[in-house]
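Dear colleague,

Please find below the structure that I promised to hand over, together with its sequence. My notes on the contacts between the chains and on the aromatic residues follow it.

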2 protein chains.
Amino acid sequence: MITALRFDEGRLEVLDQTLLPDEERWIELDSATAAADAIRRLAVRGAPMIGITAAYALALEDPARFAAAAAELRDARPTAVNLAWAVDRMLAAGPERALAEAHAIHDEQEGANAAIGRHGADLLAGAQRVLTHCNTGTLACGAGGGTALAVVAELAARGPVEVLACETRPLLQGARLTVWELARLGIPHALCVDGAAAGLIARGEIDAVVVGADRVAANGDVANKVGTYAHALAAQAAGIPFVVAVPVSTLDAGTATGADIVIEERDADEVRRVGGRLVTVEGTPVRNPAFDVTPAALVTAVVTERGVMHPVAR
Amino acid sequence: MITALRFDEGRLEVLDQTLLPDEERWIELDSATAAADAIRRLAVRGAPMIGITAAYALALEDPARFAAAAAELRDARPTAVNLAWAVDRMLAAGPERALAEAHAIHDEQEGANAAIGRHGADLLAGAQRVLTHCNTGTLACGAGGGTALAVVAELAARGPVEVLACETRPLLQGARLTVWELARLGIPHALCVDGAAAGLIARGEIDAVVVGADRVAANGDVANKVGTYAHALAAQAAGIPFVVAVPVSTLDAGTATGADIVIEERDADEVRRVGGRLVTVEGTPVRNPAFDVTPAALVTAVVTERGVMHPVAR
């Protein structure tokens, strides 16, 4: 059993995901400012997990600071829609009902995970070699198994499965977090660099690609961790399913298409350095978009806790 | 002026490419065994550079060991056709004419670079934002500007150019070597992770993709550094040119299609570690193909020193 967030006797604690897999250190977030900082530096990450953390952090705030704290949290990361969604729910609830609303958000998101896993495993029945990107497990969702990784775990509960985890540069969430979760879950797996995925898919070594998302636009375009779009292109070329697993809170009817999604550009040193070590010429200019957009035409299905959607009829 | 190999008074020396950009250290290769070791551990890399190094190393060998040394060098890396091509030429020349033949191979490969640059720049006239992968400059070719990077340099000599260099995990030849060469050449550039390329291409930020190759099959399928195929898929989806720049020695009429190309699988620790530092759970299983195959249908043109070929009519 993996847990990434706990709220007990008014204390909000999260596992610092920047330190995994080397160290399992819990840190306390005692304010919206502390939570926003943890979200920005990716100690807390994963679209659902960010939303739950923001909700609890708001519940801890002084009622007089409630609106300002909500704005601070909403601005912490632009691409994940769950953050704005959770903050909006908390604002609607107001300071008095904030704690109950945070618990409700947490419980709903946890409950969604198992349903996502079941719907996804039904859809992909028989898939044995599954490729995934970034981390979409319990670490990304607070608790409950995650989104794409919940699908993988349910497939593994039903039959033999081997997962190919892409390392997910620049921050290596696949190498650090997904591998750590799969090892804990006892699911057979291997790690590859992101650039190896397309070639392995083309060689017939993968039955399905399953990923999470940070935002799904109204037309079915999907914003997810940078590197996802190339996997979708390769899946289409090879004729294998490319499946996106998300809670409905990640669906954003207010965003028409992927072109309307703001793509966060992160710090150059994430690319220039790995684990603090410089891997290029000092001061090299960098492009570092945190996400990319996969057009709906490449998405076989979007799996949510309410069932399976096919954005583009085929 | 960049140089990566020198042969002077019977001494063969190469720049150790595993140490760049931190340190510029020359190492002497005094035998075929030393050269094969340098090729295997990637101190010497790049298809043309490997061929030139193998030729000089053979010229240094005891004539009695010539055939055995040739076999040892040929087996050092399986995917780059230039290695087998250079070894075959040396075997045909024999021990007596070995040194003259090595110089001829070196001179021919150097001369090819400038012509590749001109033909490529003619083909891509007007392209200002060029994406490349791995390292295809002088470091990959011994001297003379390289292949894909020679095209970039010639475009830069004719007008404004900005290069987006993909870092090229696992061994970061883009981050370490291409950035170092571009900085030395004074060509504006930025670095990105490999997974960012497809999304930036889709957003209209790139005019052309130019890469080298380790082997081009008779049907035009291209084996190149792992990660290349995804860039080709993205280029096709965006309607921009995907151009492969190689000396004719990289064309392999003896290999019918990409399916016949042996793809080298390299050590797991290349993926598990970056600069010696473990980035995942210790002992994690790994898939580490060094190359992938881009089907000819995705290749706009193959540029050689003899001109431009279009493997698939369009």
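Across the interface of chain A and chain B there are 12 residue pairs in polar contact, with both residues at pLDDT 80 or more; a polar contact is a pair of N or O atoms within 3.5 Å, where within protein one must be able to donate a hydrogen and the other to accept it, and residues adjacent in sequence count only if both atoms are side-chain atoms. On the side of chain A that touches chain B, helix H8 (173-185), strand E6 (189-192), helix H9 (197-202) and helix H10 (228-238) each supply at least two residues, and H10(A) gives the most, with 5 residues. Helices (H or I, at least four residues) and strands (E, at least two) are DSSP runs, numbered from the N terminus.

This is a predicted model, in which local features need pLDDT of at least 70 and side-chain atom pairs count only at pLDDT 80 or more, while totals for chains, interfaces and linings use all residues. Residues are numbered from 1 along each chain as its sequence is written, chains are lettered from A and ligands numbered from 1 in the order in which they are written, and side-chain values use heavy atoms, with hydrogens and water left out.

The same interface holds 6 salt bridges, counted where a side-chain nitrogen of Lys or Arg lies within 4 Å of a carboxyl oxygen of Asp or Glu; Arg169(A) and Glu167(B) form a salt bridge, at 2.6 Å from N to O. In total, 45 residues of chain A are in contact (heavy atoms within 4.5 Å) with 45 residues of chain B. The two chains bury about 3,800 Å² between them, 67% of it on carbon and sulfur atoms, where buried area is the accessible area (1.4 Å probe) that two parts lose on being put together, summed over both.

As for the rings, there are 2 aromatic pairs over all chains, where rings of Phe, Tyr and Trp (its six-membered ring) pair if their centres lie within 6.5 Å, and planes under 30 degrees apart count as stacked, over 60 as edge-to-face and the rest as tilted. Phe7(A) and Tyr56(A) are stacked, because their ring centres are 4.5 Å apart and their planes at 15°; this pair links strand E1 (residues 5-8) and helix H2 (residues 47-59) of chain A, 49 residues apart. Tyr56(A) is buried, at 2% relative accessible area (buried means under 20%, exposed over 50%, partly exposed in between, with a 1.4 Å probe and protein chains only).

Best regards
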